[in-house]
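I opened this entry to look up strand pairing and core packing. My notes follow the structure.

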Amino acid sequence: MTDIYLDNNATTKVDRAVVDVMIPYFLEQYGNPSSIHKFADGVAKAIKNARQQVQALIGCEHDSEIIFTSCGTESNSTALLSAIKAQPNKKEIITTTVEHPAILSLCEALEKEGYTIHRMPVDRAGRLNLDAYKKLLSDQVAIVSVMWANNETGTIFPVVEMAELANAAGVMFHTDAVQAVGKIQMMLQDTKIDMLSLSGHKLHSPKGIGVLYLRRGTRYRPLLRGGHQERGRRAGTENTASIVGLGKACELALEHIEFENTKVKAMRDRLERGITEQIPHCFVTGDMNNRLPNTTDIAFEYIEGEAILMLLNKAGIAASSGSACTSGSLEPSHVMRAMDIPYTAAHGTIRFSFSRYNTLHEVDEVLKVMPGVVATLRKLSPYWDGDGPVVNPEQAFKPTYA
Amino acid sequence: MWDYSDKVKEHFFNPKNAGAVADANATGEVGSISCGDALRLTLKVDDATEVILDAGFQTFGCGSAIASSSVLTEIIKGMTIDEALKVTNQDIADHLEGLPPEKMHCSVMGREALQAAIANYRGEEWTDDHEEGALICKCFAIDAVMIEEMVWANKLRTVEDVTNFTKAGGGCASCHEDIEAILEKVLAEKGEKFDYEAAPVKQPVVAEVKLPLTNLQRIKKIEQVLESLRPSLMADGGDVELVEVIGNTAYVNMTGACNGCQMAAMTIAGIQQRLMEVMGEFIKVVPASEMSKLVNIA
């Protein structure tokens, strides 16, 4: 059996067609796009073409609204730091408790510098309370930053509506859309979203390339200064080959967006149904009615995620977990904690994330392996006895120093 | 993915002694479910010889937690409980051919489960005095709680101090920002302000020691180190007295304000750390009040 990759929210395989369009920019057209000779001939044009391919995928009005960066994290940092520098009198930021660390760690650092950070909580299904959000909007807020879709559960936030509300209150709106782009149809020109981050390696282009969408007219301060590249908004010699590759990847993503929402979704649903029907004491986390089509996050109670992943890996299956151990931290994933998932389940969450390269056959292979993996570990668990959890698990096993 | 040794993988994929021992007469349950690791160790101890006849584990935890539990049961089977009590977490890690620094706590959990089970067998209450914090220094596996305690106990003020006292930050140096954050927090609690340009509190005694030490050399050296620490203890109205040295264990009396002080345990930990650094060998510092339990002085 060949290995099965179900960790596409972490990163994706680069599409062969993407690699093919990149090669000439390493070996032939390797000139600096700013140079005036034949090695740079056509490079600027290729970059412009890529810009339009990205533009088409996210549906923005102008291709000049696309700024190429090195990654999603750089796009996020640029967006938030630009907003506070461009509006020095505003000292508040609104975000959520379940953002990616690229936003949360930055906000923590800004908090130390005196900014007030409003982290909106989520309910047990990972949803935000929009009434609470409305109350937070004021002329003191420099920027709202809310992810379009959550990387762990796939839960989608109503960012289009939230951007309207922010705009009405005169507040800038940014969304970290690295998981959503290519999976959710978007038409940014019809929204009030001012800034959006996307990352190439989540949609079958290489790592090390990202985009910050910046709505024309949005007050902006660059993170990197030092050159005219990207119209002075992001200095540094262009990552030509990757930009061209990202353009191609966006074109392919647009072509496959229906496939993602039908065929990929069907694979995800089949896996999810198969697991929850076959394996007792497991449940899907997040908002099941409003999720990315490719993601399912399942909590297996009374066992730990890293151990599950090691057994899956041995069976040739790649997925990821929200347990503390996989990250080397002391707490399970902040997303699981924010949804108030009990510790005995939060440590046992496994995320399966699909791409257009997966097959139904792979789903069936995983379904054959998964019950055995869970049963093996439950046999070792102090919370488990025979065919089910011990009676009253929290009482039956009470380790010292909890 | 963690870089696990083959031994860890072996014990994870084919754990030994999984499950509870049927007619166990000793049980230890330790760990923290919030951190995602918890272990129940059950033992069958022969009442006449105190030999551990059988050992079984049930573990909620990651690959290395399961491997540590498994190897622990293998190590202790056939030992007397007194022998088993000498098993350290380093022994567990060594049997596994090493653990990543982030995972050393799994071996600590194993040792604690063993202590808890033996206490249970002897009808004693076992309490965990060891609090674990987020791992700060990955080079030397030093966590936040340890650094905080040392900053409190030794009035540390700079990253250099912290490195001198705990080793944290002495390797790749990438945790210096986190150490500064701890200093900022603790100093704020003490009503002081962190100044990254402040002069280091004091240089620890740096001395080349040739191992192994004779007991006399060890005692002299320990006295020397205690002497160097005395001013800071006396500043708080306390003092320390060396009572006895047996092997690598130093028995001390905390006197004056240190006696009965809630910080005494921390201070002892600080003394122990300093002794180990200067002497380059493992030294355990124990209050002299514990001595009668362990050795027959007569």
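**Strands of chain B**

I started with strand E1 (residues 26-32) of chain B, which pairs with E2(B) in the antiparallel sense over 7 bridges. The model is predicted, so I read everything here as computed. I looked up one bridge in this pair: B:Val30 has B:Leu39 in E2(B) as its partner. The hairpin of E1(B) and E2(B) has 4 residues between the strands. There, B:Gly36 takes a positive phi near 90°.

Next I checked what else E2(B) pairs with. It is joined to strand E3 (residues 52-60) of chain B by 8 bridges, and the two run antiparallel. I noted that B:Leu41 has B:Phe57 in E3(B) as its bridge partner. E2(B) and E3(B) also form a hairpin, with 6 residues between them. In that turn B:Glu50 has a positive phi of about 60°.

Is E2(B) buried or exposed? I found 8 of the 9 residues of E2(B) (residues 37-45) buried, so the strand is largely enclosed by the rest of the structure.

**Cores**

I then turned to the nonpolar cores. The largest has 85 residues. A:Ile308, B:Leu43 and B:Ala117 have the most contacts inside it. Helix H5 (residues 104-121) of chain B gives the largest share of this core, 9 residues.

Last, I looked up what A:Ile308 touches, leaving out residues up to four places away in sequence. The contacts are A:Phe300, A:Ile303, A:Ser321, A:Gly348, A:Ile350, A:Val373 and A:Leu377.

How values were computed:
Residues numbered from 1 in each chain as written. Chains lettered and ligands numbered in written order. Predicted model: local features only at pLDDT ≥ 70, side-chain atom pairs only at ≥ 80, totals over all residues. Buried ≥ 20, exposed ≤ 12 C-beta atoms within 10 Å, placed from the backbone. Pairing = 2+ DSSP bridges. Core = buried A, V, L, I, M, F, W, Y, C linked by C-beta atoms within 7 Å. Contact = placed C-beta atoms within 7 Å.
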